[in-house]
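Please look over the sequence and the model below. The report then takes up selected features of the fold.

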Amino acid sequence: MSKVLIIGAGGVGGVVTHKCAQHPEVFSEIMLASRNEAKCQAIAEQLDRPIQTAQVDADDVEALVALIESFKPDVLIHVALPYQDLTIMEACLRTGVPYLDTANYEHPDEAKFEYKEQWAFQERYAEAGNMATLGCGFDPGMTNIYCAYAQKNLFDEIHRIDILDANGGDHGYPFATNFNPEINIREITAKGRYWEKGEWKETAPLAEKRTFDFDGIGEKDIYLLYHEEMESLCQNIKGLERIRFWMTFSDKYITHLKVLENVGMTSIEPIEVNGTEIAPLEFLKAVLPDPASLGPRTKGKTNIGI
């Protein structure tokens with residue numbers, strides 16, 4: 001049995017905490033920490049077993065180190081913001097605690113995400129005899145495992161990979177994102193990218209559209225996006241010639257997104273409002289439904305595959 005420290009009390013953090021709490025034979029003790037401890041306590045009250053909660057600023061390496069040394073976890077699961085990957089990895093490295101996250105590092109001041117900064121920890125983690133498991137959610141995560149399984153057990157070579165993510169659920173709101181709105185909208189409004197014959201190729205945002213018939217869901221419009229697991233898979237799949245990532249969006253979602261983009265609400269550049277600087281996307285995040293509230297409202301199926 002082991003002790004787990006979970007950083008992040010948003011929608012994903014709530015799910016991860018519930019899942020860990022369901023397996024006392026694996027996770028004997030759980031601590032949930034966030035910048036807002038009240039969110040941690042609200043999640044703790046939903047559980048059938050007691051857990052500890054704490055307040056921590058995940059941007060502060062020293063504060064993270066102090067919390068880790070106090071609780072002494074066997075593993076840390078990071079499900080806060082991707083902006084905080086590097087500080088939490090540094091804290092885990094200093095304390096010798098294995099690290100796991102679900103999304104790769106994203107630059108706070110630039111709509112860009114890549115593994116370069118996290119992969120730079122490789123030698124230091126290896127020298128310390130520690131392990132950092134990156135992108136271990138569903139996509140990335142299970143999608144990588146599907147590809148690895150196929151390579152090891154089904155094929156001599158894999159030439160083309162298409163990763164398809166279909167959200168067939170309906171939460172009843174005119175417009176909402178199923179994870180952090182700021183991260184979600186930055187990801188969708190960025191240029192599409194795919195890897196082909198040894199080089200990355202770009203497309204305009206949401207310019208490449210197809211229709212695919214998903215098992216259990218039916219036909220859905222899919223759009224080509226850049227997604228982080230392609231960055232590692234293109235280096236590790238034997239014989240690969242092309243890899244692409246597709247995600248479904250409804251016409252209603254696309255219409256709302258284009259309106260918000262046209263009026264500047266998806267911008268990450270701060271503007272001054274009554275003497276206060278705020279990024280429009282930060283304001284939009286504040287007025288959209290909290291993704292953690294969508295679960296009980298959502299009806300339908302998700303289908304993610306390779």
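## Basis of the model

This is a predicted model: local features need pLDDT of at least 70, side-chain atom pairs count only at pLDDT 80 or more, and totals for chains, interfaces and linings use all residues. Residues are numbered from 1 along each chain as its sequence is written, and side-chain values use heavy atoms, with hydrogens and water left out.

Helices (H or I, at least four residues) and strands (E, at least two) are DSSP runs, numbered from the N terminus. Buried means under 20% relative accessible area, exposed over 50%, and partly exposed in between (1.4 Å probe, protein chains only). Contact means heavy atoms within 4.5 Å.

## Nonpolar cores

In soluble globular proteins, nonpolar side chains tend to be buried together. A nonpolar core here is a set of buried Ala, Val, Leu, Ile, Met, Phe, Trp, Tyr and Cys residues joined through side-chain atoms within 4.5 Å. The largest such core has 30 residues. Ile-161, Leu-206, Ile-243 and Phe-249 touch the most other members. Two or more residues each come from H7, strand S7 (160-167), helix H8 (181-189), strand S11 (218-225), H9, strand S12 (242-248), helix H10 (251-262) and helix H11 (280-287). H10 gives the largest share, four residues.

A second, separate core holds 23 residues. Among them are Val-56, Val-61, Ile-68 and Tyr-99.

## Helix H3

Which residues of H3 are buried? They are Val-61, Leu-64, Val-65, Leu-67, Ile-68 and Phe-71. These residues cover an arc of only 165 degrees around the axis, so they sit on the same side of H3. The arc is that of the directions from the helix axis to the C-beta atoms. An α-helix has 3.6 residues a turn, so residues three or four places apart point the same way.

The buried residues of H3 pack against strand S1 (2-7), strand S2 (27-34), strand S3 (52-55), S4 and helix H4 (85-95). Exposed Glu-62 and Ser-70 lie on the face of H3 turned away from its buried side.

## The second largest pocket

A pocket is an open set of points on a 1 Å grid over the protein atoms alone, where a 1.4 Å probe fits, with protein on both sides within 12 Å along at least five of seven lines; lining residues have an atom within 4 Å of a point. Grid points are joined across faces, edges and corners, and a volume is the space filled by probe spheres set on the points. The second largest pocket has a volume of about 610 Å³. Its lining has 28 residues. Trp-119, Ala-132, Thr-133, Leu-134 and Ser-232 lie nearest its centre.

Helix H5 (116-119), helix H6 (122-128), strand S6 (132-133), helix H7 (142-153) and helix H9 (229-236) each supply at least two lining residues. H7 provides the largest share, five residues. By class, the lining has 15 nonpolar, 10 polar and three charged residues. Ala, Val, Leu, Ile, Met, Phe, Trp, Tyr, Cys and Pro count as nonpolar, Asp, Glu, Lys and Arg as charged, and the others, Gly among them, as polar.

## Backbone exceptions

Most residues other than glycine have a negative phi, and most peptide bonds are trans. Leu-206 is not a glycine, yet its phi is positive, about 60 degrees. Leu-206 is found in the loop between strand S9 (199-203) and strand S10 (209-214). Its relative accessible area is 13%, so Leu-206 is buried. Beyond neighbours within four places in sequence, Leu-206 is in contact with Ile-188, Tyr-223, Leu-225, Phe-249, Ile-254 and Leu-257.

Lys-72 also has a positive phi, near 55 degrees. Its place is in the loop between helix H3 (61-71) and strand S4 (75-78). At 57% relative accessibility, Lys-72 counts as exposed. The peptide bond from Asp-139 to Pro-140 is cis, with omega near 5 degrees. Pro-140 is in the loop between S6 and H7.

## Other loop residues

Glu-157 lies in the loop between H7 and S7. Glu-157 and Gly-239 are 82 residues apart in sequence, but 5.1 Å apart in space, C-alpha to C-alpha. Glu-157 is partly exposed, at 43% relative accessible area.

Ala-176 lies in the loop between S7 and H8. At 6% relative accessibility, Ala-176 counts as buried.
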